[in-house]
Amino acid sequence: MSDKRVRVLVVDDHEMVRLGLVSFLETEPGLRVVGEANGGDDAVRLALKLCPDVILMDLLMAGMDGIAATKRILQDCPDVKIIVLTSYIEDKLVYPALEAGAIGYLLKTARAEEISKAVFAAANGQSPIDPQVAHKLMDRVYRPRPPHEDLTERELEVLQLIADGRTNQEISDVLHIGLKTVKTHVSSILSKLEVHDRTQAAVYAHRHGIAESGGR
């Protein structure tokens, strides 16, 4: 007779946290822990080898972090459901983790029963989200993102230098990129910010506090 239990891989670089999760999950009828990983690289290797149904994924780990591991795993195992289990709810972690493909996001303050319930939910295609994280997501929906959040890291560097009064040639020299590349970045920045010229872009940068690190 086939084993119908949900197969779970637990990923956390803190041994006591990992062991605690495994010990609890193994007592849950309908769940089966098929592996443990202490980091992102290990998680990728075991995910490809074991093909679990659900992965409980820590985020901040030495080496490959949970966001990078999530992306890598889902490239080769798109049917795996990944639930982030972390202590952090900063924007810089929540949004990239969900954009990487995680189906759920829980905090380590969650009760054991909430975690097991989330695993079953994820296995059924549902998205278990901590209420605090859900609030952040709803706030983002109803509060439009400022245009500069769509800029790439390189475009932000170029914008900072524009705000510092640098010419295209000076930006090219500072960032060690070609003049044609600088012009491409400037054009993209103006388009994304919906401004008409460099002066307006510089004003935008100062108004939103982006110019503070310019000229570094």
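Let me begin with a term: two residues are in contact when they have heavy atoms within 4.5 Å. With that in mind, S116 touches F24, L25, E28 and L31, if we do not count residues up to four places away in sequence.

Before I go on, please note that this is a predicted model, in which local features need pLDDT of at least 70 and side-chain atom pairs count only at pLDDT 80 or more, while totals for chains, interfaces and linings use all residues. Residues are numbered from 1 along each chain as its sequence is written, and side-chain values use heavy atoms, with hydrogens and water left out.

Let me stay with S116, which sits in helix α5, where a helix is a DSSP run of H or I with at least four residues, a strand is a run of E with at least two, and both are numbered from the N terminus. Is S116 buried or exposed? S116 counts as buried, at 5% relative accessibility, because buried means under 20% relative accessible area, exposed means over 50%, and partly exposed lies in between, with a 1.4 Å probe and protein chains only. The C-alpha atoms of S116 and G30 are separated by 9.8 Å, although these residues are 86 apart along the chain.

Now to the charged pairs. Side chains of opposite charge can pair when their charged atoms come close. A salt bridge here is a side-chain nitrogen of Lys or Arg within 4 Å of a carboxyl oxygen of Asp or Glu, and the whole structure has ten of them.

One of these salt bridges joins the side chains of D58 and K108, at 3.5 Å from N to O. D58 lies in the loop between β3 (54–57) and α3 (66–76), and K108 in the loop between β5 (104–107) and α5, so the pair ties together parts that are 50 residues apart in sequence. D58 is buried, with a relative accessible area of 4%, whereas K108 is partly exposed, at 27%.

Another salt bridge is formed by E155 and K192, whose side chains meet at 2.9 Å, N to O. This pair links distant parts of the chain, with E155 in helix α7 (residues 153–163) and K192 in helix α9 (residues 179–193), 37 residues apart. E155 counts as buried at 5% relative accessibility, while K192 is partly exposed, with a relative accessible area of 30%. Salt bridges that share partners also join D12, D58 and K108 into one network.
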